[in-house]
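Subject: Structure for you to look at

Hello,

Here is the structure I promised to pass on. Please open it alongside this note.

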Amino acid sequence: MHLSIQGVCKSYPGRGLALDAFSLELSPGVLGLLGPNGAGKSTLMRILATLTRPSAGRVLWDGVDVATAPEGLRAVLGYLPQDFGVYPHLSAVEFLGYLAALKGLPPPAARRRIDELLNALNLWEARAVPLAEYSGGMRQRVGIAQALLNDPRLLIIDEPTVGLDPEERARFRTLIAELAGNRIVLLSTHIVSDVEATAERIAILHRGKLVAAATPDVLLEAVQGRVFEWVVPAEEAARLRTRLLVTSTLRRAQGVQLRVVSNAAPSPEARAVAPSLEDAYLELAAGGQAGSAA
Ligand SMILES: Nc1ncnc2c1ncn2[C@@H]1O[C@H](COP(=O)(O)OP(=O)(O)OP(=O)(O)O)[C@@H](O)[C@H]1O
Ligand SMILES: [Mg+2]
């Protein structure tokens with residue numbers, strides 16, 4: 001079970017490269033794909049789901065090029081697109097039954113699987129209610145359920161936590177941890193906390209380019225000793241923001257507490273603090289440009 005992404009490029013007419021020579025090897029486990037809006041996450045996922053062809057480069061599933069033979073990958077794929085829509089008048093049971101039929105699952109097996117998923121995703125009670133009456137979190141869980149109908153070996157989920165409240169996000173993280181196992185899970189988000197606890201590896205995408213792919217520990221190590229905090233007057237904070245990589249600000253009685261990633265202490269008062277994955281991500285997503293304070 002192996003997915004090999006080799007020098008994949010994607011250009012859309014009249015635009016620059018949405019994906020620029022992206023290469024990565026994926027084995028079973030959870031990979032978090034982090035990147036800001038427009039970084040190319042959905043483009044990559046659509047290519048891996050064989051819905052779009054790369055302009056250059058190739059994708060191999062267990063050594064087979066999916067451009068010429070997509071069937072092998074498609075048979076084991078579960079995909080939740082970012083713009084996943086549900087049919088509002090159908091209930092979860094009807095909707096999943098419909099998709100199971102489209103996926104060619106034999107009806108008795110489909111019924112068993114749907115019952116299993118409705119239980120696992122905590123949708124059993126609401127199974128007969130029209131999807132129009134579901135909350136955002138419940139709809140996302142239906143989306144995950146449809147992606148799991150065929151017990152996929154390759155599960156691709158695009159921004160599954162958008163629109164979820166913190167409680168639903170926490171529940172979602174638990175779910176992902178449970179889904180990991182003998183499959184490749186690729187999950188995109190721009191929210192670091194969605195993946196820091198569950199992803200064995202994190203890939204960071206910036207303007208179509210892979211800027212890092214490593215374990216959370218290795219990413220943290222890269223900003224170790226380069227994260228600083230100190231309090232400045234509000235006017236000063238606005239000025240510093242334009243020339244420093246500020247990863248958070250906090251209002252204090254004496255002014256604003258800045259947190260920055262910088263190669264050297266940006267001020268005599270600044271003290272080095274323990275880095276977070278958010279610091280590492282923001283630095284890499286900014287192109288690794290935290291210079292020394294001039
Ligand atoms: N069908 C398309 N036609 C033209 N340009 C596109 C198309 N799809 C994506 N793009 C462009 O490609 C780039 C990458 O888009 P993509 O949707 O892959 O990013 P993303 O990381 O998923 O962003 P988001 O976090 O907003 O979902 C963007 O500049 C986008 O405008
Ligand atoms: Mg997207």
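Below is what was found in it.

First, the ground rules: this is a predicted model, in which local features need pLDDT of at least 70 and side-chain atom pairs count only at pLDDT 80 or more, while totals for chains, interfaces and linings use all residues. Residues are numbered from 1 along each chain as its sequence is written, and chains are lettered from A and ligands numbered from 1 in the order in which they are written.

**Overall**

The chain has 10 helices and 14 strands. Both are DSSP runs, numbered from the N terminus: helices are H or I with at least four residues, strands are E with at least two. The C-alpha atoms fill a box of roughly 70 × 45 × 35 Å along the principal axes. Of the 294 residues, 37% are buried, meaning that 20 or more other C-beta atoms, placed from the backbone, lie within 10 Å of the residue's own.

Six strands make an open, mixed sheet in the order 6-7-8-3-9-10. Two strands pair if DSSP finds at least two bridges between them. Strand 6 (77-80) and strand 10 are the edges, each pairing on one side only. Neighbouring strands are turned by 15° on average, direction ignored; axes are lines fitted to C-alpha atoms, for helices over the stretch in contact, and angles run from 0 to 180 degrees between N-to-C directions.

Strand 3 (residues 29-34) is largely enclosed by the rest of the structure, because five of its six residues are buried. Strand 3 pairs with strand 8 (residues 184-189) in the parallel sense over six bridges. There, Gly 29 has Ile 184 as its bridge partner. Strand 3 also runs parallel to strand 9 (residues 201-206), with four bridges. Leu 34 stands opposite Ile 204 in that strand.

Strand 9 and strand 10 (residues 209-214) are antiparallel and joined by five bridges. Their hairpin has two residues between the strands, and Arg 207 takes a positive phi near 45° there.

Leu 80 is bridged to Ile 157.

**The ligand**

What surrounds ligand 1? The shell holds 14 residues, and the closest are Tyr 12, Ala 18, Lys 41, Ser 42 and Thr 43. A residue is near a molecule if its C-beta atom, placed from the backbone, lies within 6 Å of it. Helix 1 (residues 41-48) gives the most, with three residues.

Best wishes

How values were computed
A residue is buried if 20 or more other C-beta atoms lie within 10 Å of its own, exposed if 12 or fewer, and partly exposed in between; C-beta atoms are placed from the backbone.
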